[in-house]
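Please work through each task before reading its solution.

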Amino acid sequence: MNDDYDTPWKDVITDHFPELMAFYFPSAHAAIDWSRPHDFLDQELSALSPGAELGKRLLDKLVRVYLHQGGEQWVLVHLEVQGWRDAGFAERIFTYHYRVFDRYHRPVASMAVLADTGRRWKPESFAYSLLGCELRLNFPVAKLQDYAGCLDALLTDTNPFALVTAAHLLTQQTKHSPHQRRRAKWRLAKLLYQRDWDKRRIINLHRTIDWLMRLPKSLDKRLRYGILELERRKAMPYVTSYERIGMEIGMRKGLQEGLQKGLQEGLQKGLQAGLQKGLEEGRQKGLQEGRQEGLQEGRQEGRQEGGAEMLAALLGKRFGALDPDVAARLVNADVAQLSKWVLNFVDAHTLDEVFRD
């Protein structure tokens, strides 16, 4: 499993920056006036380090925020997430710090989240002195490994970055144990639905956890069906697995080609009325993200998996929760058979009519 730590962090920081500051840097969070908008200046930060002269980074952000201390006072928060031990890390923080100050002539607060697997590496300053001249930059650091001994507390914390931290640590701990990772990922998914959070936040965090905790295909399929059934039992007002898992993963592997051919006639005849809210929203999300990801990975497998998950969602919506025999029948069917059942579904009043010859 080739774990991807970069993309999940990038998305969740952009979407939930105030919560990140509250969790890792509470003193700084208390000083910032969050009633005023904060702006990400990533392009400006990139322009300050042309080429690769500062080396590879997991993630860096430059954010303009306002303080409570009256007037138009604002500062620049330079945040770095570092995923591995780097002897030149403190110097890079210092280099960015003075370049940002030189560019804007505003106070700069540099801080770092260290997401590496080590426990002792924790650079917190850069300094040098020469001929009576001394310079020092101290910067606050949050070390994810410091939370490794309190996973249970993370799972009960209401800040979304407690779950992100737990997911990151569990990803590292289960790198060579996919079954343990599946169980840990299932536990985190269930916790998401126990939170009194809005739809956008749950979907964002579900995406982050899914991206971090990658699974082999067989275990991933098992987990996805479990999440789909969980949503049905809890009568969720939205179906995240339909929007995120069923469409995005299915589209990535070839859902567009397979389902457009198999469902075109049925969608044109009558599915718009019954599935207007769920299908259209999920389909649009899936099409958009699926095009970006590409259809390189396994078109045939994507058509089968996507068709089975789509039909399962349709059947569940019309006839209620499916028993295990029906679910197994969908998983084992080929693309041609799934397409035939979808056409039957358009006019069917019972499950038997869907599966008729």
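This is a predicted model: local features need pLDDT of at least 70, side-chain atom pairs count only at pLDDT 80 or more; totals for chains, interfaces and linings use all residues.

**Exercise 1.** How many salt bridges does the count come to?

*Solution.* The count comes to nine salt bridges. One of them joins Arg64 to Asp39, with the closest N and O atoms 3.1 Å apart. Arg64 belongs to strand S2 (residues 59-66) and Asp39 to strand S1 (residues 39-40), so this pair links distant parts of the chain, 25 residues apart.

**Exercise 2.** Determine whether Asp210 and Lys185 are buried or exposed, and state which helices their salt bridge ties together.

*Solution.* Step 1: the closest N and O atoms of Asp210 and Lys185 are 2.6 Å apart, and the two residues form a salt bridge. Step 2: because Asp210 lies in helix H9 (residues 199-212) and Lys185 in helix H8 (residues 178-194), the pair ties together parts that are 25 residues apart in sequence. Step 3: buried means under 20% relative accessible area. Asp210, at 11%, therefore counts as buried, and Lys185, at 4%, is buried as well.

**Exercise 3.** Identify the network of salt bridges that contains Arg224.

*Solution.* Step 1: Arg224 forms a salt bridge with Asp220, the closest N and O atoms being 2.9 Å apart. Step 2: both residues lie in helix H10 (residues 217-233), four residues apart, or about one turn of the helix; both are buried. Step 3: Glu309 joins Asp220 and Arg224 in the network.

**Exercise 4.** Describe the largest nonpolar core.

*Solution.* This core has 51 residues, and Trp9, Tyr24 and Leu188 have the most contacts inside it. Helix H7 (residues 160-173) gives the most, with eight residues.

Notes: Residues are numbered from 1 along each chain as its sequence is written. Side-chain values use heavy atoms; hydrogens and water are left out. A nonpolar core is a set of buried Ala, Val, Leu, Ile, Met, Phe, Trp, Tyr and Cys residues joined through side-chain atoms within 4.5 Å. Buried means under 20% relative accessible area, exposed over 50%, partly exposed in between (1.4 Å probe, protein chains only). Helices (H or I, at least four residues) and strands (E, at least two) are DSSP runs, numbered from the N terminus. A salt bridge is a side-chain nitrogen of Lys or Arg within 4 Å of a carboxyl oxygen of Asp or Glu.
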